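Work through the exercises below with the model open. Each task is followed by a solution in steps.

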Amino acid sequence: MINFFFNITHDLIVLIFIGSAFHKITNWKRFLLVIKSYELKWFNREKAIFNTAFITCISEIYIFVGLSFTDWNIPYYVAVFLLTCYTYAISINLINKRRIECGCGGFLNNSRISPMMFLRNLLLLALVITLLFTKRAVILTGIFSLNQLFSLFIATLLMLCSKNLFLIKTNFKVNKEYL
């Protein structure tokens, strides 16, 4: 049973990072503008913005590949580092009362930063850390096992449902404003 929940959580994290990387790469110029809009001290040069965007995308792809095809711990540590950086950047802008676009992309959508987004990132961070420490207790049965394919299917369904619920909530807000 622990193996099943581990696999679902693992696959959710994998889907989040590959979806996010894909969105950032396909909307590269917009992603650069989002990074610039965070207005953090070390982002005052175009080269720093580009390098940050590049390293972020490469790291997210590395997390996807590392968690999908290896049993290494390093992708978990990279995920913890990225999520900590994202959470820090969001918190700084929330403290400064700036409601800028988050730049998340993928299944997490691109919306304005909010306290809920901060909490979501803390939850994702907790999940990744839990996966890192639970991983040692779980015996993985292989990359294409029936259990892992089923957990990937469940994780995909959860992602699609959460995105649809977000879109319904967003559309409701928009329609409510026009009433």
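Patches are made of residues with over 30% relative accessible area and no salt bridge, with like charges joined within 9 Å and nonpolar side chains (Val, Leu, Ile, Met, Phe, Trp, Tyr) within 5 Å. A salt bridge puts a side-chain nitrogen of Lys or Arg within 4 Å of a carboxyl oxygen of Asp or Glu. Areas are Shrake-Rupley values with a 1.4 Å probe, and for residues only the protein chains shown count as cover.

The model is predicted: local features need pLDDT of at least 70, side-chain atom pairs count only at pLDDT 80 or more, and totals for chains, interfaces and linings use all residues. Residues are numbered from 1 along each chain as its sequence is written, and side-chain values use heavy atoms, without hydrogens and water.

**Exercise 1.** Find the residues of the nonpolar surface patch.

Solution. Next, assign the helix: α3 (residues 46-69) gives the largest share, 7 residues. Helices are DSSP runs (H or I, at least four residues), numbered from the N terminus.

**Exercise 2.** Describe how α2 meets α3.

Solution. Take α2 (residues 28-37) and α3: their axes come within 9 Å and cross at roughly 115°. Axes are lines fitted to C-alpha atoms over the stretch in contact, with angles from 0 to 180 degrees between N-to-C directions. Now list the contacts (heavy atoms within 4.5 Å). From α2 come W28, F31, L32, I35 and K36. The α3 side includes F50 and F54.

Notes:
Helices (H or I, at least four residues) and strands (E, at least two) are DSSP runs, numbered from the N terminus.
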